[in-house]
Amino acid sequence: MVKFSGKNILCFCEDVTVEEFLEAVEKYGIKDLQLLKRLLGIGTGPCQGKQCIVRAALLLALKKGIKPSNVRLTTFRPPSRPIPLGVLIHGELGEE
Amino acid sequence: MPRPSPPTIKFYFDDKEVVAYKGDTIASALLRAGIYTISRSLKFHRRRGVRCFRGYCRSCLVEVNGVPNVPACLTLVEDNMVVKSQNAYPNASYDVLSILDKLPHLTSYNTIYEGAFKNPLLWSLASKVIEKITGLGRFPQTNVKYEYSSEGVIETDVAIIGGGLSGLAAANMISQYNVKTVIVESLELLGGRARLDPIEDANLKRLNVESPKQLAEKLIESISKNEHIVVINNSDAYGLYPEERKLGVYIRRSYNKGSHVLIRAKVYIVASGAYEIPGNFRNNDVPGIIYDYGFRRLILDYNVKPKGKVLIVGNGGYGERLKRLLESLNVSFEGPVLDTDTNIKPRLVEVRYKEKIRCALLEFENGIRKVDAEYVVISKGYTPALEIAGHAGVPIVYDEKLGQYVPSHNMYMETPIDNVLVTGDTAGCEGYYKAYVKGEIAGLTALVKILGERKDVLSLREEKVKSLGGG
(Lines give C-alpha, C1' and ligand atoms only; values in the text may rest on other atoms or scores of the structure.)
Protein backbone atom coordinates (compact mmCIF):
# COMPACT_ATOMS: atom_id res chain seq x y z
CA MET A 1 0.00 0.00 0.00
CA VAL A 2 1.13 3.52 -0.78
CA LYS A 3 1.04 5.86 2.20
CA PHE A 4 0.03 9.36 1.22
CA SER A 5 1.72 12.37 2.74
CA GLY A 6 2.06 16.06 2.15
CA LYS A 7 -0.21 19.05 2.44
CA ASN A 8 -3.11 20.11 0.24
CA ILE A 9 -2.68 23.87 0.33
CA LEU A 10 -5.69 26.19 0.08
CA CYS A 11 -4.02 29.59 0.50
CA PHE A 12 -0.60 29.41 -1.14
CA CYS A 13 0.59 32.77 0.15
CA GLU A 14 -0.28 32.31 3.83
CA ASP A 15 0.31 28.54 3.92
CA VAL A 16 -3.20 27.54 5.01
CA THR A 17 -4.11 23.93 4.32
CA VAL A 18 -7.51 22.60 3.27
CA GLU A 19 -7.46 20.50 6.43
CA GLU A 20 -6.94 23.56 8.62
CA PHE A 21 -9.73 25.42 6.84
CA LEU A 22 -12.17 22.54 7.27
CA GLU A 23 -11.22 22.20 10.93
CA ALA A 24 -12.11 25.84 11.48
CA VAL A 25 -15.41 25.36 9.67
CA GLU A 26 -16.39 22.09 11.35
CA LYS A 27 -14.89 22.34 14.82
CA TYR A 28 -15.53 26.02 15.41
CA GLY A 29 -18.69 26.18 13.33
CA ILE A 30 -17.63 29.31 11.48
CA LYS A 31 -19.61 29.80 8.30
CA ASP A 32 -18.72 33.37 7.45
CA LEU A 33 -15.90 33.67 4.93
CA GLN A 34 -14.97 37.11 6.30
CA LEU A 35 -14.38 35.58 9.73
CA LEU A 36 -12.45 32.66 8.28
CA LYS A 37 -10.25 35.12 6.46
CA ARG A 38 -9.52 36.96 9.69
CA LEU A 39 -8.90 33.76 11.64
CA LEU A 40 -6.77 31.89 9.14
CA GLY A 41 -5.33 34.65 7.00
CA ILE A 42 -6.65 33.20 3.75
CA GLY A 43 -6.61 35.73 0.94
CA THR A 44 -4.41 38.20 2.81
CA GLY A 45 -1.09 37.36 1.14
CA PRO A 46 0.62 38.82 -1.90
CA CYS A 47 -1.83 37.29 -4.40
CA GLN A 48 -4.75 38.83 -2.50
CA GLY A 49 -6.99 35.80 -2.67
CA LYS A 50 -6.83 35.27 -6.42
CA GLN A 51 -6.14 31.56 -5.91
CA CYS A 52 -8.01 30.73 -2.72
CA ILE A 53 -11.12 32.82 -2.04
CA VAL A 54 -13.39 31.24 -4.66
CA ARG A 55 -12.14 27.75 -3.80
CA ALA A 56 -12.71 28.50 -0.09
CA ALA A 57 -16.22 29.79 -0.76
CA LEU A 58 -17.17 26.66 -2.71
CA LEU A 59 -15.59 24.42 -0.06
CA LEU A 60 -17.52 26.24 2.67
CA ALA A 61 -20.80 25.89 0.79
CA LEU A 62 -20.18 22.18 0.30
CA LYS A 63 -19.33 21.54 3.97
CA LYS A 64 -22.22 23.60 5.31
CA GLY A 65 -24.68 22.23 2.78
CA ILE A 66 -25.62 25.69 1.61
CA LYS A 67 -25.81 27.18 -1.86
CA PRO A 68 -22.67 28.96 -3.10
CA SER A 69 -24.92 31.98 -3.76
CA ASN A 70 -25.44 32.25 0.00
CA VAL A 71 -21.73 32.58 0.68
CA ARG A 72 -20.65 36.20 0.71
CA LEU A 73 -17.17 36.59 -0.73
CA THR A 74 -14.59 38.69 1.11
CA THR A 75 -14.44 42.40 0.34
CA PHE A 76 -12.30 43.45 -2.61
CA ARG A 77 -10.06 46.37 -1.84
CA PRO A 78 -7.45 48.18 -3.89
CA PRO A 79 -4.66 47.75 -4.73
CA SER A 80 -5.83 44.73 -6.67
CA ARG A 81 -2.20 43.99 -7.47
CA PRO A 82 0.79 44.70 -5.25
CA ILE A 83 2.50 47.91 -6.38
CA PRO A 84 5.46 49.70 -4.80
CA LEU A 85 4.26 52.17 -2.20
CA GLY A 86 6.70 54.78 -3.49
CA VAL A 87 4.86 55.09 -6.78
CA LEU A 88 1.60 56.16 -5.19
CA ILE A 89 2.89 59.63 -4.37
CA HIS A 90 3.00 60.20 -8.13
CA GLY A 91 -0.66 59.29 -8.34
CA GLU A 92 -1.57 62.57 -6.63
CA LEU A 93 1.06 64.60 -8.47
CA GLY A 94 -0.33 63.27 -11.70
CA GLU A 95 -3.60 65.00 -11.05
CA GLU A 96 -2.22 68.51 -10.94
CA MET B 1 7.20 37.56 -29.96
CA PRO B 2 9.60 38.10 -27.06
CA ARG B 3 11.34 34.74 -27.76
CA PRO B 4 14.56 35.01 -25.76
CA SER B 5 17.56 34.53 -28.02
CA PRO B 6 21.36 34.89 -28.01
CA PRO B 7 23.48 36.80 -27.09
CA THR B 8 23.63 35.31 -23.63
CA ILE B 9 23.88 37.38 -20.49
CA LYS B 10 24.76 36.23 -17.01
CA PHE B 11 23.25 36.91 -13.62
CA TYR B 12 23.48 35.46 -10.14
CA PHE B 13 20.89 33.47 -8.27
CA ASP B 14 21.74 32.75 -4.63
CA ASP B 15 25.43 33.38 -5.47
CA LYS B 16 25.39 30.90 -8.37
CA GLU B 17 26.07 32.13 -11.88
CA VAL B 18 23.19 31.55 -14.29
CA VAL B 19 23.24 32.05 -18.06
CA ALA B 20 20.20 33.66 -19.67
CA TYR B 21 19.25 34.88 -23.11
CA LYS B 22 18.44 38.45 -23.89
CA GLY B 23 14.67 38.76 -23.45
CA ASP B 24 14.49 36.19 -20.67
CA THR B 25 12.62 36.99 -17.49
CA ILE B 26 14.30 35.86 -14.27
CA ALA B 27 11.76 33.04 -14.07
CA SER B 28 12.22 31.72 -17.61
CA ALA B 29 16.01 31.85 -17.27
CA LEU B 30 15.94 29.90 -14.00
CA LEU B 31 13.60 27.23 -15.41
CA ARG B 32 15.74 26.91 -18.53
CA ALA B 33 18.75 26.41 -16.26
CA GLY B 34 16.86 23.69 -14.37
CA ILE B 35 16.35 25.74 -11.18
CA TYR B 36 12.81 25.20 -9.95
CA THR B 37 12.84 26.32 -6.31
CA ILE B 38 13.33 30.07 -6.17
CA SER B 39 11.80 31.04 -2.86
CA ARG B 40 10.25 29.64 0.32
CA SER B 41 6.74 30.05 1.68
CA LEU B 42 5.83 32.30 4.57
CA LYS B 43 5.00 29.84 7.33
CA PHE B 44 6.02 26.29 6.55
CA HIS B 45 9.01 27.27 4.40
CA ARG B 46 7.75 25.06 1.62
CA ARG B 47 9.35 25.31 -1.78
CA ARG B 48 8.01 28.05 -4.03
CA GLY B 49 8.64 28.58 -7.71
CA VAL B 50 7.01 29.76 -10.89
CA ARG B 51 3.30 28.95 -10.76
CA CYS B 52 1.19 31.34 -12.86
CA PHE B 53 4.01 32.87 -14.96
CA ARG B 54 1.85 35.90 -15.62
CA GLY B 55 2.15 37.97 -12.50
CA TYR B 56 -0.88 37.29 -10.34
CA CYS B 57 0.06 34.41 -8.05
CA ARG B 58 3.17 36.11 -6.61
CA SER B 59 4.70 32.73 -5.86
CA CYS B 60 8.00 33.68 -7.51
CA LEU B 61 8.89 36.78 -5.49
CA VAL B 62 12.66 37.30 -5.24
CA GLU B 63 15.09 39.95 -4.09
CA VAL B 64 16.78 41.73 -6.99
CA ASN B 65 19.84 43.93 -6.34
CA GLY B 66 18.57 44.49 -2.81
CA VAL B 67 14.95 45.23 -3.78
CA PRO B 68 12.58 42.74 -2.11
CA ASN B 69 9.39 41.16 -3.50
CA VAL B 70 10.15 41.46 -7.20
CA PRO B 71 8.06 39.08 -9.33
CA ALA B 72 10.58 36.90 -11.19
CA CYS B 73 8.09 36.06 -13.93
CA LEU B 74 7.60 39.69 -14.99
CA THR B 75 11.12 41.04 -14.58
CA LEU B 76 13.62 40.90 -17.42
CA VAL B 77 17.11 39.67 -16.65
CA GLU B 78 19.75 42.38 -16.79
CA ASP B 79 23.49 41.73 -17.05
CA ASN B 80 25.11 40.91 -13.67
CA MET B 81 21.83 41.15 -11.78
CA VAL B 82 22.07 39.77 -8.24
CA VAL B 83 18.94 37.72 -7.54
CA LYS B 84 18.32 36.14 -4.15
CA SER B 85 15.64 33.83 -2.85
CA GLN B 86 13.37 35.06 -0.05
CA ASN B 87 12.34 33.52 3.30
CA ALA B 88 15.09 30.95 2.97
CA TYR B 89 17.90 30.19 5.42
CA PRO B 90 20.52 29.82 4.07
CA ASN B 91 19.06 29.41 0.55
CA ALA B 92 15.98 28.29 -1.36
CA SER B 93 17.39 24.91 -2.30
CA TYR B 94 18.28 23.99 1.28
CA ASP B 95 16.36 25.77 4.01
CA VAL B 96 16.84 24.67 7.62
CA LEU B 97 13.51 26.20 8.60
CA SER B 98 11.69 23.77 6.33
CA ILE B 99 11.58 21.69 9.52
CA LEU B 100 8.48 23.80 10.27
CA ASP B 101 6.73 21.93 7.48
CA LYS B 102 7.12 18.74 9.49
CA LEU B 103 5.54 20.23 12.63
CA PRO B 104 2.07 21.16 11.41
CA HIS B 105 0.42 21.22 14.83
CA LEU B 106 2.72 23.89 16.17
CA THR B 107 1.94 26.33 13.41
CA SER B 108 -1.74 25.59 12.85
CA TYR B 109 -3.90 28.63 13.58
CA ASN B 110 -6.33 26.44 15.44
CA THR B 111 -3.53 25.27 17.75
CA ILE B 112 -2.25 28.78 18.23
CA TYR B 113 -5.62 30.15 19.30
CA GLU B 114 -6.65 27.21 21.41
CA GLY B 115 -3.44 25.80 22.79
CA ALA B 116 -0.31 26.88 24.61
CA PHE B 117 -0.23 30.30 23.02
CA LYS B 118 -3.20 31.42 25.10
CA ASN B 119 -0.57 32.04 27.75
CA PRO B 120 0.37 35.72 27.28
CA LEU B 121 3.98 35.24 28.36
CA LEU B 122 4.52 32.29 26.04
CA TRP B 123 2.80 34.17 23.24
CA SER B 124 4.94 37.28 23.58
CA LEU B 125 8.00 35.06 23.36
CA ALA B 126 6.65 33.10 20.41
CA SER B 127 5.53 36.20 18.51
CA LYS B 128 9.09 37.56 18.66
CA VAL B 129 10.39 34.37 17.05
CA ILE B 130 7.58 34.41 14.50
CA GLU B 131 8.39 38.01 13.57
CA LYS B 132 12.00 37.03 12.98
CA ILE B 133 11.47 34.01 10.80
CA THR B 134 8.38 34.91 8.81
CA GLY B 135 7.52 37.83 6.59
CA LEU B 136 8.03 38.82 3.02
CA GLY B 137 11.66 39.43 2.25
CA ARG B 138 14.10 41.74 3.95
CA PHE B 139 13.74 45.47 4.23
CA PRO B 140 15.39 47.16 1.21
CA GLN B 141 18.97 48.19 1.74
CA THR B 142 19.67 51.91 1.93
CA ASN B 143 21.84 52.04 -1.18
CA VAL B 144 19.00 50.90 -3.43
CA LYS B 145 17.87 53.55 -5.91
CA TYR B 146 14.23 53.70 -6.95
CA GLU B 147 13.08 55.60 -9.99
CA TYR B 148 9.38 56.23 -9.86
CA SER B 149 7.76 58.88 -11.99
CA SER B 150 4.39 60.15 -13.08
CA GLU B 151 3.04 60.03 -16.58
CA GLY B 152 0.18 62.28 -15.53
CA VAL B 153 -3.41 61.87 -16.60
CA ILE B 154 -4.81 60.34 -19.76
CA GLU B 155 -8.25 61.58 -20.78
CA THR B 156 -10.12 59.12 -22.96
CA ASP B 157 -13.60 58.00 -23.86
CA VAL B 158 -13.23 54.35 -22.97
CA ALA B 159 -10.65 52.54 -20.81
CA ILE B 160 -10.43 48.78 -21.20
CA ILE B 161 -8.75 46.80 -18.44
CA GLY B 162 -7.26 43.74 -20.08
CA GLY B 163 -5.98 43.23 -23.62
CA GLY B 164 -7.17 39.66 -24.08
CA LEU B 165 -9.63 38.43 -26.69
CA SER B 166 -12.68 40.25 -25.31
CA GLY B 167 -10.83 43.47 -24.49
CA LEU B 168 -9.47 43.57 -28.04
CA ALA B 169 -12.89 42.77 -29.51
CA ALA B 170 -14.37 45.68 -27.55
CA ALA B 171 -11.59 48.06 -28.58
CA ASN B 172 -11.85 47.02 -32.21
CA MET B 173 -15.60 47.63 -32.22
CA ILE B 174 -15.31 51.01 -30.50
CA SER B 175 -12.54 52.26 -32.78
CA GLN B 176 -14.74 51.83 -35.83
CA TYR B 177 -16.83 54.75 -34.54
CA ASN B 178 -13.86 57.08 -34.04
CA VAL B 179 -14.13 56.95 -30.26
CA LYS B 180 -10.91 57.07 -28.20
CA THR B 181 -9.88 53.95 -26.29
CA VAL B 182 -7.04 53.09 -23.90
CA ILE B 183 -6.19 49.43 -23.29
CA VAL B 184 -4.34 48.54 -20.08
CA GLU B 185 -2.58 45.19 -20.42
CA SER B 186 -0.63 43.51 -17.65
CA LEU B 187 1.76 41.56 -19.89
CA GLU B 188 4.20 42.51 -22.63
CA LEU B 189 1.96 41.38 -25.47
CA LEU B 190 -1.74 41.67 -26.28
CA GLY B 191 -3.98 38.74 -27.09
CA GLY B 192 -4.23 36.96 -23.75
CA ARG B 193 -4.59 33.22 -23.66
CA ALA B 194 -6.15 33.14 -27.15
CA ARG B 195 -2.85 34.18 -28.74
CA LEU B 196 -1.24 31.09 -27.20
CA ASP B 197 -3.87 28.66 -28.43
CA PRO B 198 -3.17 27.63 -32.06
CA ILE B 199 -5.48 24.59 -31.95
CA GLU B 200 -8.58 24.62 -34.13
CA ASP B 201 -11.83 25.65 -32.42
CA ALA B 202 -15.03 24.72 -34.26
CA ASN B 203 -17.03 27.52 -32.59
CA LEU B 204 -14.82 30.12 -34.23
CA LYS B 205 -15.77 28.99 -37.79
CA ARG B 206 -18.63 31.50 -37.56
CA LEU B 207 -16.05 34.27 -37.36
CA ASN B 208 -14.12 32.88 -40.35
CA VAL B 209 -11.07 31.92 -38.36
CA GLU B 210 -9.67 28.51 -37.49
CA SER B 211 -8.08 29.04 -34.11
CA PRO B 212 -8.16 31.45 -31.15
CA LYS B 213 -4.58 32.41 -32.07
CA GLN B 214 -5.63 33.44 -35.55
CA LEU B 215 -8.50 35.52 -34.17
CA ALA B 216 -6.23 37.23 -31.63
CA GLU B 217 -3.62 38.02 -34.28
CA LYS B 218 -6.25 39.44 -36.60
CA LEU B 219 -7.48 41.75 -33.85
CA ILE B 220 -3.96 42.78 -32.82
CA GLU B 221 -3.17 43.71 -36.42
CA SER B 222 -6.32 45.74 -36.85
CA ILE B 223 -5.77 47.53 -33.56
CA SER B 224 -2.13 48.37 -34.22
CA LYS B 225 -3.20 50.32 -37.30
CA ASN B 226 -5.83 52.33 -35.45
CA GLU B 227 -4.98 55.83 -34.31
CA HIS B 228 -7.87 55.95 -31.82
CA ILE B 229 -6.44 53.17 -29.65
CA VAL B 230 -3.63 53.59 -27.13
CA VAL B 231 -2.14 50.44 -25.60
CA ILE B 232 -0.28 50.52 -22.28
CA ASN B 233 1.63 47.25 -21.78
CA ASN B 234 3.33 45.84 -18.67
CA SER B 235 0.84 47.64 -16.46
CA ASP B 236 -1.09 46.82 -13.35
CA ALA B 237 -4.51 48.43 -13.04
CA TYR B 238 -4.55 48.59 -9.26
CA GLY B 239 -7.68 50.53 -8.46
CA LEU B 240 -10.89 51.60 -10.19
CA TYR B 241 -12.91 54.44 -8.66
CA PRO B 242 -15.87 54.90 -11.00
CA GLU B 243 -17.54 57.76 -9.11
CA GLU B 244 -14.42 59.88 -9.37
CA ARG B 245 -13.71 58.59 -12.88
CA LYS B 246 -10.27 57.35 -11.88
CA LEU B 247 -8.33 54.26 -12.86
CA GLY B 248 -4.94 53.98 -11.20
CA VAL B 249 -2.30 52.21 -13.27
CA TYR B 250 1.25 51.26 -12.41
CA ILE B 251 3.55 50.77 -15.39
CA ARG B 252 6.40 48.37 -14.60
CA ARG B 253 9.72 49.31 -16.19
CA SER B 254 12.22 47.26 -14.21
CA TYR B 255 12.73 45.82 -10.74
CA ASN B 256 13.21 49.34 -9.31
CA LYS B 257 11.65 51.55 -11.97
CA GLY B 258 8.07 52.37 -12.77
CA SER B 259 5.54 55.04 -13.58
CA HIS B 260 2.12 56.00 -12.44
CA VAL B 261 -0.64 56.97 -14.82
CA LEU B 262 -4.18 57.99 -14.01
CA ILE B 263 -6.80 57.20 -16.62
CA ARG B 264 -9.95 59.30 -16.71
CA ALA B 265 -12.52 57.69 -18.96
CA LYS B 266 -16.23 58.11 -19.57
CA VAL B 267 -16.74 54.36 -19.55
CA TYR B 268 -14.61 51.58 -18.04
CA ILE B 269 -14.74 48.07 -19.46
CA VAL B 270 -13.38 45.42 -17.11
CA ALA B 271 -11.98 42.63 -19.29
CA SER B 272 -9.49 41.37 -16.75
CA GLY B 273 -10.00 37.74 -17.67
CA ALA B 274 -9.85 34.83 -15.30
CA TYR B 275 -7.58 32.87 -13.00
CA GLU B 276 -6.89 29.15 -13.08
CA ILE B 277 -8.72 26.89 -10.64
CA PRO B 278 -5.88 25.51 -8.47
CA GLY B 279 -5.15 21.80 -8.12
CA ASN B 280 -6.77 19.78 -5.36
CA PHE B 281 -4.21 17.14 -4.32
CA ARG B 282 -1.38 16.71 -1.85
CA ASN B 283 1.60 19.01 -2.45
CA ASN B 284 -0.39 21.08 -4.94
CA ASP B 285 1.95 24.01 -4.29
CA VAL B 286 5.43 22.72 -5.10
CA PRO B 287 7.64 24.12 -7.90
CA GLY B 288 7.06 22.44 -11.23
CA ILE B 289 3.31 22.67 -10.79
CA ILE B 290 2.36 25.41 -13.18
CA TYR B 291 -0.92 26.86 -14.43
CA ASP B 292 -2.23 26.44 -17.98
CA TYR B 293 -1.85 29.98 -19.34
CA GLY B 294 1.60 30.48 -17.84
CA PHE B 295 2.81 27.13 -19.13
CA ARG B 296 1.75 28.16 -22.64
CA ARG B 297 3.71 31.39 -22.23
CA LEU B 298 6.72 29.47 -20.98
CA ILE B 299 6.94 27.04 -23.89
CA LEU B 300 5.65 29.26 -26.72
CA ASP B 301 6.77 32.81 -25.87
CA TYR B 302 9.86 32.00 -23.82
CA ASN B 303 10.92 28.87 -25.67
CA VAL B 304 11.63 26.84 -22.52
CA LYS B 305 11.16 23.29 -23.69
CA PRO B 306 10.30 20.65 -21.08
CA LYS B 307 13.14 18.17 -20.60
CA GLY B 308 10.88 15.55 -19.03
CA LYS B 309 7.25 14.56 -19.20
CA VAL B 310 4.31 16.91 -18.65
CA LEU B 311 1.31 15.72 -16.64
CA ILE B 312 -1.91 17.47 -17.63
CA VAL B 313 -4.50 17.90 -14.87
CA GLY B 314 -8.09 18.65 -15.86
CA ASN B 315 -9.83 16.77 -18.60
CA GLY B 316 -12.51 19.22 -19.57
CA GLY B 317 -11.96 21.32 -22.68
CA TYR B 318 -8.89 23.05 -21.30
CA GLY B 319 -6.88 19.89 -20.60
CA GLU B 320 -7.85 18.51 -24.00
CA ARG B 321 -6.67 21.66 -25.79
CA LEU B 322 -3.34 21.59 -23.95
CA LYS B 323 -2.93 17.93 -24.87
CA ARG B 324 -3.41 18.75 -28.54
CA LEU B 325 -0.90 21.60 -28.31
CA LEU B 326 1.73 19.34 -26.72
CA GLU B 327 1.08 16.69 -29.38
CA SER B 328 1.72 19.26 -32.09
CA LEU B 329 4.98 20.31 -30.40
CA ASN B 330 6.17 16.74 -29.82
CA VAL B 331 6.37 17.26 -26.06
CA SER B 332 5.83 14.01 -24.16
CA PHE B 333 2.94 14.10 -21.73
CA GLU B 334 0.64 12.04 -19.56
CA GLY B 335 -3.08 12.62 -19.10
CA PRO B 336 -5.20 14.61 -18.99
CA VAL B 337 -6.28 13.30 -15.59
CA LEU B 338 -8.59 14.67 -12.91
CA ASP B 339 -7.69 15.40 -9.30
CA THR B 340 -9.39 14.80 -5.95
CA ASP B 341 -12.19 17.27 -6.78
CA THR B 342 -13.87 14.11 -8.02
CA ASN B 343 -13.94 10.35 -7.58
CA ILE B 344 -13.55 9.69 -11.27
CA LYS B 345 -10.34 7.82 -12.02
CA PRO B 346 -7.59 8.12 -12.98
CA ARG B 347 -7.07 11.05 -10.67
CA LEU B 348 -4.01 12.79 -9.29
CA VAL B 349 -3.75 12.37 -5.52
CA GLU B 350 -0.22 13.42 -4.66
CA VAL B 351 2.92 14.94 -6.11
CA ARG B 352 6.28 13.82 -4.68
CA TYR B 353 9.24 16.14 -4.90
CA LYS B 354 12.75 16.97 -3.84
CA GLU B 355 14.59 19.74 -5.70
CA LYS B 356 11.95 19.29 -8.37
CA ILE B 357 8.99 17.02 -8.98
CA ARG B 358 10.01 13.37 -8.60
CA CYS B 359 6.77 11.73 -9.55
CA ALA B 360 3.00 12.03 -9.44
CA LEU B 361 0.75 9.43 -7.83
CA LEU B 362 -2.24 8.58 -9.99
CA GLU B 363 -5.10 6.60 -8.54
CA PHE B 364 -6.65 4.08 -10.91
CA GLU B 365 -9.59 1.74 -10.22
CA ASN B 366 -7.10 -1.06 -9.49
CA GLY B 367 -4.53 0.88 -7.47
CA ILE B 368 -1.90 3.57 -7.47
CA ARG B 369 0.56 4.19 -10.27
CA LYS B 370 3.59 6.45 -10.12
CA VAL B 371 4.33 8.53 -13.19
CA ASP B 372 7.38 10.66 -13.90
CA ALA B 373 6.81 14.31 -14.57
CA GLU B 374 8.91 17.45 -14.89
CA TYR B 375 5.89 19.72 -14.95
CA VAL B 376 2.36 19.19 -13.67
CA VAL B 377 0.14 21.61 -15.56
CA ILE B 378 -3.17 22.67 -14.02
CA SER B 379 -5.70 23.00 -16.85
CA LYS B 380 -8.88 22.41 -14.86
CA GLY B 381 -10.54 25.58 -15.98
CA TYR B 382 -10.87 29.19 -15.01
CA THR B 383 -12.68 31.35 -12.50
CA PRO B 384 -13.45 35.03 -13.30
CA ALA B 385 -11.06 37.71 -12.02
CA LEU B 386 -13.40 39.58 -9.70
CA GLU B 387 -11.25 42.08 -7.84
CA ILE B 388 -11.36 45.14 -10.10
CA ALA B 389 -15.10 44.97 -10.71
CA GLY B 390 -15.50 44.07 -7.04
CA HIS B 391 -13.85 47.12 -5.58
CA ALA B 392 -15.43 49.37 -8.19
CA GLY B 393 -18.61 48.44 -6.32
CA VAL B 394 -20.11 45.81 -8.62
CA PRO B 395 -21.86 43.13 -6.52
CA ILE B 396 -20.53 39.61 -6.97
CA VAL B 397 -23.17 36.95 -7.62
CA TYR B 398 -23.06 33.20 -8.15
CA ASP B 399 -24.08 32.07 -11.62
CA GLU B 400 -25.77 28.69 -11.07
CA LYS B 401 -25.61 27.75 -14.74
CA LEU B 402 -21.88 28.31 -15.08
CA GLY B 403 -21.00 27.38 -11.49
CA GLN B 404 -18.92 30.53 -11.19
CA TYR B 405 -18.89 33.70 -9.12
CA VAL B 406 -19.27 36.62 -11.53
CA PRO B 407 -19.72 40.40 -11.28
CA SER B 408 -23.44 41.12 -11.57
CA HIS B 409 -24.28 42.15 -15.15
CA ASN B 410 -27.05 42.07 -17.77
CA MET B 411 -26.96 40.84 -21.37
CA TYR B 412 -25.56 44.20 -22.51
CA MET B 413 -22.63 43.72 -20.11
CA GLU B 414 -23.86 46.60 -17.95
CA THR B 415 -23.31 46.41 -14.20
CA PRO B 416 -25.28 48.26 -11.51
CA ILE B 417 -22.48 50.87 -11.66
CA ASP B 418 -23.39 53.18 -14.53
CA ASN B 419 -19.95 53.69 -16.11
CA VAL B 420 -18.53 50.20 -15.45
CA LEU B 421 -19.05 47.32 -17.87
CA VAL B 422 -17.70 43.78 -17.55
CA THR B 423 -16.96 41.43 -20.41
CA GLY B 424 -15.19 38.31 -21.60
CA ASP B 425 -14.15 35.74 -19.02
CA THR B 426 -14.66 38.32 -16.25
CA ALA B 427 -18.38 38.07 -17.02
CA GLY B 428 -18.22 34.25 -16.85
CA CYS B 429 -15.81 31.81 -18.51
CA GLU B 430 -17.61 30.36 -21.52
CA GLY B 431 -14.96 29.79 -24.16
CA TYR B 432 -13.36 31.88 -26.89
CA TYR B 433 -16.38 32.48 -29.12
CA LYS B 434 -18.55 33.90 -26.36
CA ALA B 435 -15.66 35.92 -24.92
CA TYR B 436 -15.22 37.54 -28.32
CA VAL B 437 -18.92 38.32 -28.81
CA LYS B 438 -19.28 39.58 -25.23
CA GLY B 439 -16.36 41.90 -25.97
CA GLU B 440 -18.16 43.28 -29.00
CA ILE B 441 -21.36 43.75 -27.00
CA ALA B 442 -19.49 45.62 -24.26
CA GLY B 443 -17.91 47.80 -26.93
CA LEU B 444 -21.32 48.59 -28.39
CA THR B 445 -22.78 49.36 -24.95
CA ALA B 446 -19.89 51.74 -24.32
CA LEU B 447 -20.71 53.41 -27.65
CA VAL B 448 -24.36 53.78 -26.63
CA LYS B 449 -23.24 55.50 -23.43
CA ILE B 450 -20.92 57.87 -25.28
CA LEU B 451 -22.69 58.54 -28.59
CA GLY B 452 -26.26 58.23 -27.31
CA GLU B 453 -28.86 55.73 -28.45
CA ARG B 454 -27.93 55.56 -32.11
CA LYS B 455 -30.13 53.24 -34.13
CA ASP B 456 -27.33 51.51 -36.04
CA VAL B 457 -25.42 50.79 -32.84
CA LEU B 458 -28.49 49.51 -31.01
CA SER B 459 -29.53 47.17 -33.82
CA LEU B 460 -26.02 45.80 -34.22
CA ARG B 461 -25.93 45.17 -30.48
CA GLU B 462 -29.24 43.25 -30.61
CA GLU B 463 -27.80 41.13 -33.40
CA LYS B 464 -24.71 40.36 -31.31
CA VAL B 465 -26.77 39.50 -28.24
CA LYS B 466 -28.79 37.08 -30.36
CA SER B 467 -25.65 35.43 -31.69
CA LEU B 468 -24.60 34.71 -28.11
CA GLY B 469 -27.59 32.36 -27.98
CA GLY B 470 -29.89 32.54 -24.99
CA GLY B 471 -28.49 35.92 -23.84
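Buried area is the accessible area that two parts lose on being put together, summed over both. In this predicted model, the area buried between chain B and chain A comes to about 5,000 Å², and carbon and sulfur atoms contribute 59% of that area. On the chain B side 64 residues take part in the contact, and on the chain A side 50 residues do.

Polar links also run across this boundary. Between chain B and chain A, 20 residue pairs are in polar contact. The chain B surface that touches chain A draws at least two residues from each of several elements of chain B, among them helix H3 (109–114), strand S8 (147–161), strand S13 (257–270) and helix H9 (387–391). Strands S11 (235–241), S12 (246–252), S18 (347–353) and S23 (396–399) of chain B likewise supply at least two residues each. In composition, this side of chain B holds 28 nonpolar, 19 polar and 17 charged residues.

Four salt bridges cross the interface of chain B and chain A, while the count over all chains comes to 39. One pairs B:Arg48 with A:Asp15, with 3.0 Å between the closest N and O atoms. Because B:Arg48 lies in strand S4 (residues 47–48) of chain B and A:Asp15 in the loop between strands S1 (9–11) and S2 (16–17) of chain A, the pair joins two chains. B:Arg48 and A:Asp15 are both buried. These two residues also belong to a network of salt bridges that links them with A:Lys7, B:Arg46, B:Asp101 and B:Asp285. A further salt bridge brings together the side chains of A:Glu20 and B:Lys43, at 3.8 Å from N to O.

Other salt bridges lie within chain B. The side chains of B:Asp24 and B:Arg32 meet at 2.4 Å, N to O. Here B:Asp24 is buried, with a relative accessible area of 0%, whereas B:Arg32, at 22% relative accessibility, counts as partly exposed. In the salt bridge of B:Glu350 with B:Arg352, the closest N and O atoms are 2.9 Å apart, and both of these residues are buried.

Finally, helix H7 (residues 292–301) of chain B is mostly covered, with 10 of its 10 residues buried. The buried residues of this helix include the charged B:Asp292, B:Arg296, B:Arg297 and B:Asp301, as well as B:Phe295, B:Leu298, B:Ile299 and B:Leu300. Just after the helix, B:Asn303 adopts a positive phi of about 60 degrees.

Methods:
Residues numbered from 1 in each chain as written. Chains lettered and ligands numbered in written order. Predicted model: local features only at pLDDT ≥ 70, side-chain atom pairs only at ≥ 80, totals over all residues. Heavy atoms only, no water. Contact = heavy atoms within 4.5 Å. Buried area = accessible area lost by both parts, 1.4 Å probe. Polar contact = N/O pair within 3.5 Å; in protein donor to acceptor, adjacent residues only side chain to side chain. Helix = DSSP H or I, 4+ residues; strand = E, 2+ residues; numbered from the N terminus. Buried < 20%, exposed > 50% of the residue type's maximum accessible area, 1.4 Å probe, protein only.
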